[in-house]
Amino acid sequence: MPNPRLTGLGSGLFCTAVMFLLACLLHLIGDGSVVAYGVLFVPVAALTALWVRPADLITAPVAVPIAFAAGVLPVAEGTAGFGGRFMGVVTTLALQAGWLYGGTLLAGLIVTVRKIRLMVLRRQGRSTAPPARNGSGGGGAGSVGNTGAAGKRLPTA
């Protein structure tokens, strides 16, 4: 399984491009089922949340619904003309809101778990790391050291 690390913009572009291509494929294969589009949206949302880099975790739950809306254009039904197509997109978004919310919720949960795990790992790394040595000496027999009377470390200038 590949483990790419996408930037915030990259994850949004990835999700949007995949959803648009899947919608075009569904339109070409058959009747352009919006239910199939919604079902395919959920794993794409999960992959987007898994593949975004840790510094950009917050962008995944934001990019996923935008990608759903951008990708729904080929499968949305509507009459000819801009107004008819626009109403078809709005109607499709309203009727398929369950898939939209489900995929966005899944992406949010994955991002939240990844962030909590990252915070725990950082906290464990800080508490188990040995204290840093101050001063240029190695702490040998001839060095004075930076400890006070009670063994506390004093700040260095």
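Figure 1. F14 is partly exposed, with a relative accessible area of 23%, whereas W51 is buried at 13%. Buried denotes under 20% relative accessible area, exposed over 50%, and partly exposed the range in between (1.4 Å probe, protein chains only). This is a predicted model in which local features need pLDDT of at least 70 and side-chain atom pairs count only at pLDDT 80 or more, while totals for chains, interfaces and linings use all residues. Residues are numbered from 1 along each chain as its sequence is written, and side-chain values use heavy atoms, with hydrogens and water left out. The structure holds 4 aromatic pairs. In one of them, the ring centres of F14 and W51 lie 5.5 Å apart with the planes at 50°, so the pair counts as tilted. Distant parts of the chain are linked by this pair, since F14 belongs to helix α1 and W51 to helix α2, 37 residues apart. Rings of Phe, Tyr and Trp (its six-membered ring) pair if their centres lie within 6.5 Å; planes under 30 degrees apart count as stacked, over 60 as edge-to-face and the rest as tilted.

**Figure 2. Ring cluster of Y37, F41 and F68****.** Y37 and F68 form a tilted aromatic pair, 5.1 Å centre to centre and with 50° between the planes. The pair joins Y37 of helix α2 to F68 of helix α3, 31 residues apart and in distant parts of the chain. Y37 and F68 are both buried. Ring pairs link these two residues and F41 into a cluster.

**Figure 3. The largest nonpolar core****.** This core has 24 residues, and those with the most contacts inside it are C15, M19, Y37, F41, A49, V64 and V75. Two or more residues each come from α1 (8-29), α2 (34-51), α3 (60-71) and α5 (97-128). The largest share, 6 residues, is given by α2. A nonpolar core is a set of buried Ala, Val, Leu, Ile, Met, Phe, Trp, Tyr and Cys residues joined through side-chain atoms within 4.5 Å. Residues up to four places away in sequence aside, A49 touches A60, A107, I110, V111 and R114; contact means heavy atoms within 4.5 Å.

Figure 4. L47 lies in helix α2 and counts as partly exposed at 24% relative accessibility.

**Figure 5. D56 in the loop between α2 and α3****.** D56 counts as buried, at 16% relative accessibility. Apart from neighbours within four places in sequence, D56 is in contact with L6, T7 and G8.

**Figure 6. Nonpolar surface patch around M87****.** F82, F86, M87 and V90 make a nonpolar surface patch of about 450 Å². M87 lies in helix α4 (residues 82-95) and is partly exposed, with a relative accessible area of 49%. Like charges are joined within 9 Å and nonpolar side chains (Val, Leu, Ile, Met, Phe, Trp, Tyr) within 5 Å. Accessible areas come from the Shrake-Rupley method with a 1.4 Å probe; for residues, only the protein chains shown count as cover.

**Figure 7. Secondary structure of the protein chain.** The chain comprises 5 helices and 0 strands. Helices (H or I, at least four residues) and strands (E, at least two) are DSSP runs, numbered from the N terminus. Buried residues make up 28% of the 157 residues.

How values were computed: Patches are made of residues with over 30% relative accessible area and no salt bridge: like charges are joined within 9 Å, nonpolar side chains (Val, Leu, Ile, Met, Phe, Trp, Tyr) within 5 Å. A salt bridge is a side-chain nitrogen of Lys or Arg within 4 Å of a carboxyl oxygen of Asp or Glu.
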